[in-house]
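Open the structure in your viewer and keep the selection panel at hand. We will go stop by stop.

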Amino acid sequence: MLAHLLGVLFDGLAYGMLLFVLSVGLSVTMGLMGFVNLAHSAFAMLGGYLSVTLTQRLGVPFLATLPLAFVGIAALSTLFERLLYRRLYHAGELDQVLLTIGLVLMAVASCAFLWGTQQQQVDPPPYLFGYFSPFGIDLGFYRLFLVGVGAVIALGLVFGLERTRFGAKVRAAVDNQRMARGLGIDVNGVFALTFAVGSGLAGLGGALAINMVGLDPNFATKYLVFVLLVVSVGGLGSVGGTFAAAALLGISDVAGKYYLPEAGAFMIYAVMVALLLWRPAGLFGRR
Amino acid sequence: MAAPAPTAIDPRRALAEPLRWQWGETVFWLALLLPFVLAPTYLALASQIAIAALFALSLDLILGYAGVISLGHAAFFGIGAYFAALLAQRWGWQEPFSGLVLSGVAAAVVGYLASFLIVRVSRLALLMVTLGLGVLLGEAANHLTSITGGNDGLHEIDVWPLLGRFTFDLYGRTAFLYTLGVLFLMFLGARRIVQSPFGLSLRGLRENAERMPSLGVPSRRRIRTIYTIAAFYAGVAGALLTQTTQSVALDVLSFQRSAEVLIMLVLGGTGRLYGGIVGAMLFLVARDQLATMNPQYWLFWIGALLIAVVLFVPGGIMGGVKALRARVGLRP
């Protein structure tokens, strides 16, 4: 019984780490520029399809496609940032929501056109298949791998934001953009780079997601809601908050499906609404 | 030399001026009757458009005038739709007009309760709370199968003939005139609301939410009031759908419906009342035409249209028309 409970906890944590990789970029960029980028999940979906195409058509090993998904989506997002997003930095959030919803709809239709509506799959290397069972707890290798990736990214981001010069600039721009500009920080440049890294992480998350939750053209709309949930509950611009919220959401979703299947998505949304009414800026948000 | 005294604006006239009915509006509403003569086979679609237009008008009241974004507006549409179904089927109240009003009131009561939560949040939290409340209601309806029929929905909902005489015929003639008539009446009501001093204070809140309280406007109470009114409008729209299609299904509460009404309103133009009507026409006619050709890819074009409107025609179609009229020197 206890072993089963721990197994569920572990599955939830792995799922939560996936959500963390998918959403942390959006949290940082939204905290930085206040731009409501609903197309973040579309970038994730494109990362997934990039990985699928590389493995199936060109025979690239799955693990090698992960950094490629990161770089490819980071480059693509920079293009979008230059051409579209930059025009709307000072527009209202409704315009931002609509522009990026438009992008999501176009991405969904384009992926359906290019790759079809069926579920995609990729083959991870054989040593990531299967599971082992210390003390009777089932630990899947791929899930362990996900937890590891999530932890490495979280530590990397915390280190990057807290200990580097660039991170100091990002934090300054998040706290007070006008003051940061006044001090000579190139806020636009900082944002462009942060945006590229954040979107690249989404692309990486999309590629990691294929073996866990599958990939089809509805990925963008389905996970958009989860990503927004994590970001709003965790608090904008907070890596630690996003990490906690993602773990909480992942564990409660998986545990809910095991123990209270009839409640469906009810629990998650009820908890989110209650949390946001209690703390509108999220658990760890400052604004 | 003394500066000339600023010209005083008579507030009564300033408020009454936009209420004057223009001849273009008469033409517009008469043109809406055209499908009755020109396209009798499309009357069912025309009724759907009138219902969607009323729903978009409801969203315009909170989004276009008060600046409150909602991603879960279908909640009130769905409550109206299910309430009308229960009223006619379970409780034996089959008179259509009073059924509409009662369903609207049911939605308004829920809207009033929800408005206490809505005024507490803004920006991203507002988006997520409205979305969350909408999803919660949808899940609840899905599980309460004894009331809502769950996934099967409710069917064969009969209402009495309109005014005791006009039955809802197979060609949708009665349904079309009924929905259009209700849309027109509620449009007149909305027009009065937004041009009243109350409506003016809403626009003030939309433009500068921090300043209005310092002018003595009880901003939260104003938002609660318009949210309740908008819920009433959405409830009536939902009830119209139930009465004219004689059935109701879970999709009245879906997120897709909330998103679609937002898209319709934005395509048409927010804060103009006519925007929702024009947007609903464009959206539903385009879907009807494109979906027969290629159902999967019509999303692509609606997405492209949204992006084009946001980037190039802020204010939607009605905003574009206004800008054109100003350019050729007509009264805006």
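Which pattern does chain A follow when read along the sequence? The pattern runs α-α-α-α-β-β-α-α-α-α-α-α-α. That makes eleven helices and two strands in chain A. Keep in mind that this is a predicted model.

The C-alpha atoms fill a box of roughly 60 × 45 × 35 Å.

Now look inside chain A. Of its 287 residues, 47% are buried. Then consider the contacts in chain A between residues at least 6 apart in sequence: 79% of these join residues at least 24 apart.

Now show chain B as well, and select the place where chain B touches chain A. Chain A brings 31 residues to this contact, and chain B brings 26 residues.

Stay on the chain B side. Which elements of chain B give two or more residues to the side that touches chain A? Select 123-143 for α7 and 298-312 for α15, both in chain B. α7(B) gives the most to this side, with ten residues.

Last stop: colour the side of chain B that touches chain A by residue class. Here you find 20 nonpolar, three polar and three charged residues.

Terms used
Residues numbered from 1 in each chain as written. Chains lettered and ligands numbered in written order. Predicted model: local features only at pLDDT ≥ 70, side-chain atom pairs only at ≥ 80, totals over all residues. Helix = DSSP H or I, 4+ residues; strand = E, 2+ residues; numbered from the N terminus. Buried ≥ 20, exposed ≤ 12 C-beta atoms within 10 Å, placed from the backbone. Contact = placed C-beta atoms within 7 Å. Nonpolar A, V, L, I, M, F, W, Y, C, P; charged D, E, K, R; others polar.
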